Amino acid sequence: FYSSSAGECVCNNDGEVLIDKDAAGNMRQNVTCLPCPAGTAVVNDPYVCKTCTGANMVVAANGDCVCGSGYIETGGSFIESEIFCVSSALYSSASYDLLLNDVDVEVSSAVQAHYYPWASVNCKYFRSVEDTKACQVLTNLCVMQHFHSDSDACADLESLQSSRSPSVN
């Protein structure tokens, strides 16, 4: 619809993009509005639905790419690296069992909840020497869990150790 205050065509509904060309790239006689596909949004350009390049990412209302529902953001810590989303179901454990005076107690940890997803993912998908920091954090999280092999951090380290071949210098 034409907006005299804006001096151009605008869509009346949020999440709609202006279409002024046909599939062949020719100008249409009438401009129309179509909804953007799921996970995309009109941000600055009314003719473009912005798409996030990362898997499981969606466009937030402010135009930033964020993790979709059921996913948590990881990467980008300590160093400038890409942000990506991992299933929150895989990294939801922020508690672990601890043996105190022969009593098995479940303990919650804000430190584990904060660092474990980042450390686990970046150590597993080791892309550069900078990701050594993630492996060091993962190791320290295992230490905090008293090397308990059932803890997520220690289990990840054991899995990584068995899947990687040693390098000899």
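**Exercise 1.** In this predicted model, at what angle do the axes of helix H1 (residues 110-124) and helix H3 (residues 152-163) cross, and within what distance do they come?

*Solution.* Begin with the two axes, which come within 11 Å and cross at roughly 0°. Angles under 35 degrees count as roughly parallel, and therefore H1 is roughly parallel to H3. Next, consider the residues that meet: Tyr-116, Ser-120, Cys-123 and Lys-124 belong to H1, while Asp-152, Ala-153, Asp-156 and Leu-160 belong to H3. Sorted by class, this contact has four nonpolar, one polar and three charged residues.

**Exercise 2.** Determine where Thr-40 lies, whether this residue is buried or exposed, and which residues it is in contact with beyond its neighbours within four places in sequence.

*Solution.* Thr-40 is found in the loop that runs between strand S4 (27-35) and strand S5 (57-59). Its relative accessibility is 18%, and since buried means under 20%, Thr-40 counts as buried. A polar atom of the Thr-40 side chain lies 2.6 Å from the backbone oxygen of Pro-37. Once the neighbours within four places in sequence are left aside, the contacts of Thr-40 are with Cys-49, Lys-50, Thr-51 and Val-59.

Notes. Residues are numbered from 1 along each chain as its sequence is written. This is a predicted model: local features need pLDDT of at least 70, side-chain atom pairs count only at pLDDT 80 or more; totals for chains, interfaces and linings use all residues. Side-chain values use heavy atoms; hydrogens and water are left out. Helices (H or I, at least four residues) and strands (E, at least two) are DSSP runs, numbered from the N terminus. Buried means under 20% relative accessible area, exposed over 50%, partly exposed in between (1.4 Å probe, protein chains only). A polar contact is a pair of N or O atoms within 3.5 Å; within protein, one must be able to donate a hydrogen and the other to accept it, and residues adjacent in sequence count only if both atoms are side-chain atoms. Contact means heavy atoms within 4.5 Å. Axes are lines fitted to C-alpha atoms, for helices over the stretch in contact, and angles run from 0 to 180 degrees between N-to-C directions. Angles under 35 degrees count as roughly parallel, over 145 as roughly antiparallel, 65 to 115 as roughly perpendicular and the rest as oblique. Ala, Val, Leu, Ile, Met, Phe, Trp, Tyr, Cys and Pro count as nonpolar, Asp, Glu, Lys and Arg as charged, and the others, Gly among them, as polar.
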